[in-house]
Number of protein chains: 2
Amino acid sequence: MSSSFFRQIDPPQRMLMGPGPINAHPRVLRAMSADMLGQFDPEMTEYMNETMALYRQIFMTQNQWTFLVDGTARAGIEAALVSLVEPGDKILLVRAGRFGLLLSEIAERIGATICSLDLPWGEVATLAQIEDALKTHKPKVFACIHGDTSTTMAQPLDGVGALCRKYGVLSYTDVTATLGGMPVRTDAWGIDVVSGGLQKCMAGPPGSAPITISDRAAEHIMARRHVEAGIRAEGVHNGSRARILSNYFDLAMVMDYWSEKRLNHHTEATTMLYGAREAARIALEEGLEARFARHVQASSCLIAGLRAMNLRLFGNDAHRMSNVTGIWIPDGVDGEAIRTRMRDDFGIEIGTAFGPLAGRVWRIGTMGYNAVKHKVLLTLGALEACLAAQGHALPRGAAVDAALADWP
Amino acid sequence: MSSSFFRQIDPPQRMLMGPGPINAHPRVLRAMSADMLGQFDPEMTEYMNETMALYRQIFMTQNQWTFLVDGTARAGIEAALVSLVEPGDKILLVRAGRFGLLLSEIAERIGATICSLDLPWGEVATLAQIEDALKTHKPKVFACIHGDTSTTMAQPLDGVGALCRKYGVLSYTDVTATLGGMPVRTDAWGIDVVSGGLQKCMAGPPGSAPITISDRAAEHIMARRHVEAGIRAEGVHNGSRARILSNYFDLAMVMDYWSEKRLNHHTEATTMLYGAREAARIALEEGLEARFARHVQASSCLIAGLRAMNLRLFGNDAHRMSNVTGIWIPDGVDGEAIRTRMRDDFGIEIGTAFGPLAGRVWRIGTMGYNAVKHKVLLTLGALEACLAAQGHALPRGAAVDAALADWP
């Protein structure tokens, strides 16, 4: 074989302790090696239905409309916003980190009128702030990020859906970084549309975006339905409202495809569906509450170790995500050199940061398949050694001892 | 384990002889079982660069900008059109099948002014027709489908790029159904943007859309660049033209991510990239010309068998795709009952049709991993038996004999 075709895939072993993607559960990858089925094969549509049922449990919802968008997590965000928001509609966004800004960016491109609740990176919005903003701006849609990995903060969502309903507002939340790792209580929160990804606490690869949609949001989206000329069928009518600006992200058509109508839209990404289905099975076998507790324990253990090394955490202690932790890079330490040594000498990846925190903060994830004791301990020990090798003074051995005491 | 979590993935064995998806090459699926890498890990970005180099060969181009869009094939189409076409721009489309209509559908949603060259399903446009339409409409962009599986016709593209350049028009072609199976001569044709998929002649799973972009098209797209607020970096400037309507499909940002700038956009779908890379390696090891010849031989063999059974082919003989063949369902035959028996008794899937051909035409694919002698012979034998079981009169044994004579 000519060298111009390159060697076969054989990635180096990495322990991915950044903000994601993280290592996939091997069962997910094995499930993905099953062969294709035709997209309307009864076995394939049964797998689609089972995937819907599994993700209803993952999203803790009764929503009929619970399925996959075929793209990475941000494909799910864009599908939700472009299907909910018409040009000129007013949308209220919480912007307290990079991914809040992403919501804004997507909504601007749709032609929405943006109203925002802007907060310093590292803070979250209170219910009172959200209610004030809803009253002031009277938006059609409210959108926020649950766990914004750029700040490592989790926006509290209890009561947010009820507030939105009180003011007649549709609500959307991105849970890419929390799904399967922190409670995502779709129905209890009353959030209308929630979308996520696989590559963080779900322990799958990036490339599929699970989404769930309340009946009232689905009704709104279906009013924008516009079936492609090439596949129009009897009994399927176009809606009365403005056509959705994207074909690929037209959730009305995607719902027709995932419904018993099986109106062809895209060709479902079979292999990613196999992976998404297996990731959900693994999470549900463990039990969601046990899984959330494991993430809390892993991040508590990590934090105990970091503090024992005299490292200072970034952000508001009261609202920390339990699956990724921000750390101020100490004065005089070259953060990127530490990350490189962690990777090259220890095979461990930790994360850098974006925007105002770039070069100032590291982010260490404890997500999904990697939210386990031994990986947290190994990461702490490696970080200590790398800091010491740069001449940074710190109490040797303290981090791992403290972590072991925290997770006995 | 509770039954509510369903059994593990274990699809029935199917020989997928429809218009795609078809069976994936096992090496592709095995490559996809490799574990994750961080998205900016040097090994990961090297895999991205290698994937670019491999797809330059697959697309027969020198285009620097040759990479993957993270979604199914229609994600590639939408990314190309939304990045090239601004609201109000005039686009000229060839509409001679379902996927030509899809181009129209996507362009309408972008707010383009649509001009079209409309042809009966089963026909293709001549160079003279295209030139007339370019002169009449003076569009900014010309777009067509190379192989439209809905009609099984291949649009000739020799000279089309040159014509478009003569009239100062940017050109786009979708090659989802032909990439890796029929010649896609991007540079020889002079087409500016070409996008495809993996699930047909590339013998991979659906979920990744390879794309290639000429320098002049890239310059046009880069003039629409608008970097996200959360990741703006020094030396990366916004362009002067209208912002692209989609964030996910903003090819300017996707190019920044695939360039040495490595500006974060989405998280690259690692597993799909592994699969796309392996699918390209396999195709190039076989050799593209040998691969095209294999597809021609497989479809010739199929056609010899179909004709020996007295079945009538759909469409224009001169422009048949060499990887999918349309067949008129004979009068008195229940086409869906045949397809069901093919699947249930023989484990073979053949395709139905869309729109005006629904219920009147079957489509049999000879694509990628399935464009091989034994699968064509087995399909013909099974089809004969299913037709005979419905009481349809035909010369028994003739199809397989004729096919064997064609591919000795």
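How many salt bridges does the rule find across the interface of chain A and chain B? In this predicted model, the count across that interface is 16 salt bridges. Over all chains, the same rule brings the count to 66 salt bridges.

The side chain of A:Arg7 meets that of B:Glu43 in a salt bridge, with 3.6 Å from N to O. A further salt bridge links B:Asp41 with A:Arg14, and here the closest N and O atoms are 2.4 Å apart. This pair crosses between chains: B:Asp41 lies in the loop between helix 1 and helix 2 (42-58) of chain B, while A:Arg14 belongs to the segment before strand 1 of chain A.

Across the interface of chain A and chain B, 47 residue pairs are in polar contact, both residues being at pLDDT 80 or more. On the side of chain A that touches chain B, the elements giving two or more residues are helix 1 (26-31), helix 2 (42-58), helix 3 (73-84), helix 4 (98-110) and helix 10 (270-286) of chain A. In terms of residues, 85 from chain A are in contact with 84 from chain B.

The size of an interface is often given as the accessible area lost when the parts come together. Between chain A and chain B the buried area is about 7,400 Å², and carbon and sulfur atoms give 57% of it. Three residues, A:Phe5, A:Ile9 and A:Arg109, supply 11% of the area that chain A buries against chain B, which is more than any other three residues.

How are the two chains arranged relative to each other?

Turning to the fold of chain B, strand 3 (residues 90-95) has partners in two other strands. From strand 3 the chain passes through helix 4 (residues 98-110) of chain B to strand 4, making a β-α-β crossover that is right-handed. Strand 5 (residues 141-145) of chain B is also parallel to strand 3, to which three bridges join it. Here B:Ile91 stands opposite B:Val141 of strand 5.

Most residues other than glycine have a negative phi, and most peptide bonds are trans. Against that background, the peptide bond from A:Gly20 to A:Pro21 is cis, with omega near 0°. A:Pro21 is placed in the loop between strand 1 (15-16) and helix 1 of chain A. In chain B, a cis peptide bond joins B:Gly20 and B:Pro21, with omega about 0°, and B:Pro21 falls in the loop between strand 1 (15-16) and helix 1 (26-31) of chain B. A:Lys138 has a positive phi of about 45° although it is not a glycine. The loop that holds A:Lys138 runs between helix 5 (127-137) and strand 5 (141-145) of chain A.

A last stop is B:Arg339, in helix 12 (residues 335-346) of chain B. The side chain of B:Arg339 makes a polar contact of 2.8 Å with that of B:Glu336. Beyond neighbours within four places in sequence, B:Arg339 is in contact with B:Ile350, B:Gly351, B:Thr352 and B:Trp362.

Key. Residues numbered from 1 in each chain as written. Chains lettered and ligands numbered in written order. Predicted model: local features only at pLDDT ≥ 70, side-chain atom pairs only at ≥ 80, totals over all residues. Heavy atoms only, no water. Pairing = 2+ DSSP bridges. Helix = DSSP H or I, 4+ residues; strand = E, 2+ residues; numbered from the N terminus. Right-handed = clockwise from strand over helix to strand, strands pointing away. Contact = heavy atoms within 4.5 Å. Buried area = accessible area lost by both parts, 1.4 Å probe. Salt bridge = Lys/Arg side-chain N within 4 Å of Asp/Glu carboxyl O. Polar contact = N/O pair within 3.5 Å; in protein donor to acceptor, adjacent residues only side chain to side chain.
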